[in-house]
Amino acid sequence: MHKNKLDAELKQRVQGFINAGEFLAVITRAEAIELMDEAHFSVFGVTNDQRKARKAAFTELKTAVNNDSENSFFDIPAIERLVKR
């Protein structure tokens with residue numbers, strides 16, 4: 001399996017177990033979200049919100065590159081780009 005590649009079948013299976021746990025009152029929704037956030041942090045090294053923000057910034061950069069304004073990214077000092085990560 002390629003790193004960072006979605007395995008739809010595994011995702012659906014895990015979601016099914018979480019739903020079953022919630023239905024049987026073995027786990028609450030808040031506990032399930034906390035568990036998913038902890039797993040996400042252990043896999044990616046960042047929180048889910050941080051990863052979403054990074055992906056949004058990367059998508060914005062790709063859009064800028066496609067619109068021929070890619071130099072605007074490099075106009076920002078490198079230290080400021082690193083802080084935004």
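## Helices, loops and salt bridges

Student: What does isoleucine 27 count as at 21% relative accessibility?
Tutor: Buried means under 20% relative accessible area, exposed over 50%, and the class in between is partly exposed (1.4 Å probe, protein chains only). Isoleucine 27 has 21%, so it counts as partly exposed.

Student: What is left out of the side-chain values?
Tutor: This is a predicted model: local features need pLDDT of at least 70, side-chain atom pairs count only at pLDDT 80 or more, and totals for chains, interfaces and linings use all residues. Residues are numbered from 1 along each chain as its sequence is written, and side-chain values use heavy atoms, leaving out hydrogens and water.

Student: Which element of the protein chain has the highest mean pLDDT?
Tutor: pLDDT is the predictor's confidence in each residue, from 0 to 100. The protein chain averages 80, and 75% of the residues score at least 70. Helix α4 (residues 71-74) has the lowest mean, 64. The highest mean, 91, belongs to α1.

Student: What pattern does the protein chain follow along the sequence?
Tutor: Helices (H or I, at least four residues) and strands (E, at least two) are DSSP runs, numbered from the N terminus. The protein chain has five helices and zero strands. Read along the sequence, the pattern is α-α-α-α-α.

Student: How far does helix α1 reach from its first C-alpha to its last?
Tutor: The expected span is 1.5 Å times one less than the number of residues. Helix α1 (residues 8-23) has 16 residues. Its reach is close to the expected value, at 22 Å.

Student: Which residues is isoleucine 27 in contact with, leaving aside its neighbours within four places in sequence?
Tutor: Contact means heavy atoms within 4.5 Å. Isoleucine 27 is in the loop between α1 and α2. Its contacts are Ile18, Gly21, Glu22, Ala32 and Leu35.

Student: Which residue forms a salt bridge with glutamate 9?
Tutor: A salt bridge needs a side-chain nitrogen of Lys or Arg within 4 Å of a carboxyl oxygen of Asp or Glu. Here the closest N and O atoms are 3.2 Å apart. Both residues lie in helix α1, four residues apart, about one turn of the helix. The partner of glutamate 9 is arginine 13.

Student: Which residue forms a salt bridge with glutamate 22?
Tutor: The count comes to two salt bridges. In the one with glutamate 22, the closest N and O atoms are 3.0 Å apart. Glutamate 22 is partly exposed at 25%. Its partner is arginine 29.

Student: Which residues make the nonpolar surface patch?
Tutor: Patch residues have over 30% relative accessible area and no salt bridge; like charges are joined within 9 Å, and nonpolar side chains (Val, Leu, Ile, Met, Phe, Trp, Tyr) within 5 Å. Areas come from the Shrake-Rupley method with a 1.4 Å probe; for residues, only the protein chains shown count as cover. Leucine 24 is exposed, at 59%. The patch, about 410 Å², is made by Phe23, Leu24 and Val26.

Student: Is histidine 40 buried or exposed?
Tutor: Histidine 40 is found in helix α2. Leaving aside its neighbours within four places in sequence, it is in contact with Gly45, Val46, Thr47, Asn48 and Arg51. Its relative accessible area is 14%, so histidine 40 is buried.

Student: What percentage of the residues of the protein chain count as buried?
Tutor: The accessible surface comes to about 7,500 Å², of which 59% belongs to carbon and sulfur atoms. The protein chain has 85 residues. The buried share is 7%.
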